[in-house]
Amino acid sequence: MKKQDALEKWGNYQGSQMKPADFDTFWQEAKEEVEALGLRYELKAIDFPSNVVEAFELSFMGVGQAKIVCQLVQPKNIAKKLPVILQFHGYHVDAGDWSEKVSLAAEGMIVVAMDVRGQGGLSQDTLQTTGGTLKGHLIRGLEEGPKKLFYRAVFQDVYQLSRIVGAMPEVDNQQMISYGVSQGGALAFVCAALCPTISKTFVQYPFLSDYREAYRLEVTSSAYEELAYWFRYRDPLHKKEEQVFATLDYIDVQYFASFIQADVVWAMALEDHTCHPKTQFAVFNQLKSQKQLLYYPEYGHEYLPQFSDEMRKVLLKEGVI
């Protein structure tokens, strides 16, 4: 019933349709900026108690000379190239416990989880901006234009991670997967968009989509509340409203949908007031690749049971594990 209601409301919704004319060029230039960094990285062994896997801290230099730190967990005694899954975490937090990566690593995958710069983990935020920086990363750099946006740098980190991991001698770069939840869902999606060797992406209720509509949808009780904060204190008369949203369009994941070649498995919680289903349909409906949408009618922005089991089934069916 709730699924049908959602489809009737938003099943054909195509988002704000305000993609910048130079969006593709903007991101091609951002990728070239990353490619100029080369593929240098460091691996440091971690003393992790396990009979089946070994763990490493993977670090590399991102744009702006920021050190980006990741967890890497892989099977012991690798004898052939292995599939890899790139994992991304939710807003504010970090890559989580090392033990969370053991299950897939024990199945013969290399698991890599990136700490987003400047959030709960070890990655550095070196971005220097003017204007307000309180309340969140979505508005960081907003007043200086799209090239200074915090998430431009994060998306570039994601691309650099995919390049580095894809070039590792142990990795089968024809079997690269991305996965994430909320902010991590957006980053997994962007990873698949910027890195065409990603063959499959698993996302749960992604953040960073359809900002104009998110602003209209109970913004102060959502993940987009910092937009309301910015207007309240930086532009109370909304004289710069169009400029603000035109800038954010460059980091709106709905406009990355046309880049996606990977298969997409998407989980949507229909009681989600943090990343509203409508903002998610804006992205999902624009996808042209093979896609599957799993509905959770009674769930909000929270742990979604059985999704990891469904993901494992897909990986097994596709011969990844």
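**Notebook: cysteines, strands and active-site residues in a predicted model**

I searched the whole structure for disulfides and found 0, a disulfide being a pair of cysteine sulfur atoms within 2.5 Å. I note that this is a predicted model, in which local features need pLDDT of at least 70 and side-chain atom pairs count only at pLDDT 80 or more, while totals for chains, interfaces and linings use all residues. Residues are numbered from 1 along each chain as its sequence is written, and side-chain values use heavy atoms, with hydrogens and water left out.

**Entry 1: cysteines**

I recorded C70 as buried, with a relative accessible area of 2%; buried means under 20% relative accessible area, exposed over 50%, and partly exposed in between, with a 1.4 Å probe and protein chains only. C191 is likewise buried, at 1%.

**Entry 2: the annotated domain**

I consulted the UniProt record, an unreviewed entry, which lists residues 5-311 as "domain: Acetyl xylan esterase". UniProt positions are given in the numbering used here, feature names are shortened, and annotations may be inferred rather than shown by experiment. The end C-alpha atoms of this span lie 26 Å apart, and the span is 29% helix and 22% strand. Helices (H or I, at least four residues) and strands (E, at least two) are DSSP runs, numbered from the N terminus.

I took strand β4, residues 82-88, and found 7 of its 7 residues buried. Which strands pair with β4? Strand β6 (residues 171-181) runs parallel to β4, joined by 6 bridges, and strand β5 (residues 110-114) runs parallel to β4 with 5 bridges. Two strands pair if DSSP finds at least two bridges between them.

I then followed β6 to β7, where the pairing is parallel over 6 bridges. V181 stands opposite Q204 in β7. I found 6 of the 7 residues of β7 buried, so this strand is largely enclosed by the rest of the structure.

**Entry 3: K200**

K200 lies in strand β7, residues 198-204. Is K200 buried or exposed? I found K200 buried, with a relative accessible area of 6%. The side chains of K200 and D263 are joined by a polar contact of 3.0 Å. A polar contact is a pair of N or O atoms within 3.5 Å; within protein, one must be able to donate a hydrogen and the other to accept it, and residues adjacent in sequence count only if both atoms are side-chain atoms. Not counting residues up to four places away in sequence, K200 touches M176, I177, S178, A262, D263, V314 and E318, contact meaning heavy atoms within 4.5 Å.

**Entry 4: the annotated active site**

In the unreviewed entry, UniProt lists S182, D272 and H301 as "active site". These residues are spread over 120 residues of sequence, yet they cluster in space, with a largest C-alpha distance of 10.8 Å. From this set, S182 and H301 are in the lining of the largest pocket. On a 1 Å grid over the protein atoms alone, a pocket is an open set of points with protein on both sides within 12 Å along at least five of seven lines, and lining residues have an atom within 4 Å of a point.

I placed H301 in the loop between β9 (291-296) and α10 (307-317). H301 counts as partly exposed, at 28% relative accessibility. I found a polar contact of 2.8 Å between the side chains of H301 and S182. Leaving out residues up to four places away in sequence, H301 touches S182, Y205, D272, T274 and C275.

D272 lies in the loop between β8 (263-269) and α9 (277-284). D272 is buried, with a relative accessible area of 1%. The side chain of D272 reaches the backbone nitrogen of C275 at 2.9 Å. Beyond neighbours within four places in sequence, D272 has contacts that include Y205, Q280 and H301.

**Entry 5: helix α9**

I checked α9 and found 8 of its 8 residues buried, so this helix is largely enclosed by the rest of the structure. The buried residues of α9 pack against α1 (2-10), α5 (183-194), α6 (211-216), β8 and β9.

Key. 1 Å grid on protein atoms, 1.4 Å probe; cavity = no way out; pocket = protein on both sides within 12 Å on 5 of 7 lines; lining within 4 Å.
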